[in-house]
Amino acid sequence: MTAIEQSIEERIGRLQTGGIIDMHFDLPMDLYEKRQRRDVLEIEFFPEFEAGNISVVGAAIYVEDRYIPGAGLRVALDQIARLYAETAASGRFAICKSYREIQAARETGKIAFLITMEGIEPLGTDLNQLRVFYELGVRAIGLTHARTNAAGHGGVFAASGSPAEGLTPFGREVVRDCEALGVIIDLAHINPAGFEEILSMTTKPPIVSHTNVRQYYDIERNISDEQIKIIGERRGVIGVNSILVSPREEESTLDKYVDHIEHIANLIGIDSVGIGFDFFEFIYRQWPESRQKELAAKLTTPHFIPDLTNHSHTRNLTRRLIERGFSDTAIEKILRGNWLRVFEQIL
Ligand SMILES: [Zn+2]
């Protein structure tokens with residue numbers, strides 16, 4: 001190894017040490033599907049988290065279509081139950097409900113989970129359930145996934161076509177209660193009208209936990225330059241997603257991922273961009289081909305970035321950010337600092 005290579009390795013090591021925050025991971029859903037097994041978190045996930053210096057994970061409660069509407073609440077509660085049980089069994093993790101708890105976990109070398117909810121289907125149309133999930137630790141909520149629900153409509157996986165209306169009266173109540181309780185409102189997936197409406201009703205910094213820029217993948221599920229600018233004005237943070245960086249497989253590369261980061265930073269500055277990897281390959285590869293085809297027909301075919309497929313790969317990202325000329329200060333903000341600022345402000 002040359003002296004230059006060695007100094008880059010050391011620089012990567014230093015930047016990694018402070019920990020990396022990923023604001024969107026479908027962990028509870030996988031723990032639920034493997035609920036007959038024990039120590040899944042410890043055996044299947046901890047090694048990758050450790051290799052990638054992961055310090056905080058947004059653990060997303062998400063209920064798949066096949067459980068909706070009948071079992072939405074039950075599956076969501078079971079996902080949270082598995083997360084708590086597996087966390088208790090491992091001893092290497094902490095479920096955190098406040099900024100103070102997140103910092104305490106980081107200081108003691110534990111990986112912090114922040115429970116998030118992707119789609120309010122588990123609430124049904126009952127605001128009391130929002131209070132229950134808050135008490136269980138849910139601290140960020142996105143109103144919808146791709147489908148329409150009792151709160152509003154998801155952005156479609158096409159350049160246009162989602163309903164022109166924003167939130168339902170129930171959706172507006174959820175947003176008001178989230179702001180009052182201190183739950184971060186996540187704008188990932190919501191359709192453009194809902195996005196605008198939520199911002200008009202709230203004052204705290206908004207987040208988009210996992211998304212890509214429409215500049216490179218023009219679908220309503222992603223975020224336009226106008227939307228990016230509003231998030232910047234409101235001092236929010238946008239987490240860059242790794243599975244929708246391009247509609248083309250050959251363009252789904254680490255460099256394209258960094259292009260998304262750069263695009264956001266060029267529009268609104270380095271203080272509003274973070275990470276929301278949305279790693280999904282581990283679930284996708286467990287599916288039979290029929291389910292993979294179903295996903296392609298319903299939404300899209302995800303293109304996984306070969307050297308950014310799971311949490312053990314984060315050093316590759318840090319290296320590429322260095323190679324692309326980002327300063328240490330900028331890289332630290334992207335990897336953790338910006339999310340921590342929002343947590344400190346809201347949680
Ligand atoms: Zn999502």
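User: Which residues count as contacts of Thr-144, leaving aside its neighbours within four places in sequence?

Analyst: This is a predicted model. In it, Thr-144 is in contact with Gly-119, Asn-149, Gly-152, His-153, Gly-154, Ala-188, His-189 and Ile-190. Contact here means heavy atoms within 4.5 Å.

User: What makes Glu-118, His-189 and His-210 donors of the zinc ion?

Analyst: Distance. Donors are N, O and S atoms within 2.8 Å of the metal. Glu-118 (OE), His-189 (NE2) and His-210 (NE2) coordinate the zinc ion at 2.0 to 2.2 Å. These atoms therefore meet the cut-off. Water is not among the atoms, so the site may look incomplete.

User: What spacing do the donors of the zinc ion follow along the chain?

Analyst: The spacing is E-x70-H-x20-H. His-189 lies in the loop between strand E6 (184-186) and helix H8 (192-201). His-210 lies in strand E7 (residues 207-211), so the pair ties together parts that are 21 residues apart in sequence.

User: How do you know whether His-189 is buried or exposed?

Analyst: His-189 has a relative accessible area of 4%. The cut-off for buried is under 20%, so His-189 is buried. His-210 has 2% relative accessibility and also counts as buried.

User: Why is Lys-229 called partly exposed?

Analyst: Its relative accessibility is 39%. Partly exposed lies between the buried limit of 20% and the exposed limit of 50%, so Lys-229 counts as partly exposed. Lys-229 lies in helix H9 (residues 225-233). Leaving aside neighbours within four places in sequence, Lys-229 is in contact with Leu-267 and Ile-268.

User: How far apart are the C-alpha atoms of Lys-229 and Glu-249?

Analyst: They are separated by 28 Å. Along the chain, the two residues are 20 residues apart.

User: What makes the largest nonpolar core a core, and how many residues has it?

Analyst: A core is a set of buried nonpolar residues joined through side-chain atoms within 4.5 Å. The largest has 94 residues. Those with the most contacts inside it are Phe-49, Phe-113, Leu-143, Tyr-257 and Leu-317. Helix H10 (residues 254-268) gives the most to this core, with 7 residues. Apart from it lies another core, of 20 residues, among them Ile-21, Cys-96, Phe-343 and Ile-346.

User: What does Tyr-257 touch, not counting residues up to four places away in sequence?

Analyst: Tyr-257 touches Val-240, Asn-241, Ser-242, Val-245, Ile-275, Gly-276, Phe-277, Ile-305, Leu-308 and Leu-317.

User: How many cavities of 30 Å³ or more are there?

Analyst: The count comes to 3. The largest cavity has a volume of about 80 Å³. Its lining has 8 nonpolar, 1 polar and 2 charged residues. Glu-179 and Lys-204 are in that lining, and Glu and Lys count as charged. Ile-346 is another of the lining residues.

User: What lines the second largest cavity?

Analyst: Among the lining residues are His-189, Ile-190, Phe-195, Glu-220 and Arg-221. The volume of the second largest cavity is about 60 Å³. By class, its lining has 6 nonpolar, 4 polar and 2 charged residues.

User: What is the volume of the largest pocket, and which residues lie nearest its centre?

Analyst: The volume is about 580 Å³. The lining holds 28 residues, of which Tyr-62, His-145, Trp-287, Leu-295 and Leu-299 lie nearest the centre. Helix H12 (residues 289-298) gives the most to this lining, with 4 residues. By class, the lining divides into 11 nonpolar, 6 polar and 11 charged.

User: Which element gives the largest share of the lining of the second largest pocket?

Analyst: H3 does, with 3 residues. This pocket has a volume of about 260 Å³. It is lined by 15 residues, of which Thr-17, Asn-53, Ile-54, Ser-55 and Gly-109 lie nearest its centre. By class, the lining has 4 nonpolar, 7 polar and 4 charged residues. Gly counts as polar under the class rule.

Notes: Residues numbered from 1 in each chain as written. Predicted model: local features only at pLDDT ≥ 70, side-chain atom pairs only at ≥ 80, totals over all residues. Heavy atoms only, no water. Buried < 20%, exposed > 50% of the residue type's maximum accessible area, 1.4 Å probe, protein only. Helix = DSSP H or I, 4+ residues; strand = E, 2+ residues; numbered from the N terminus. 1 Å grid on protein atoms, 1.4 Å probe; cavity = no way out; pocket = protein on both sides within 12 Å on 5 of 7 lines; lining within 4 Å. Points joined across faces, edges and corners; volume = space filled by probe spheres on them. Donors = N, O, S within 2.8 Å, 3.2 Å for Na, K, Ca; no water.
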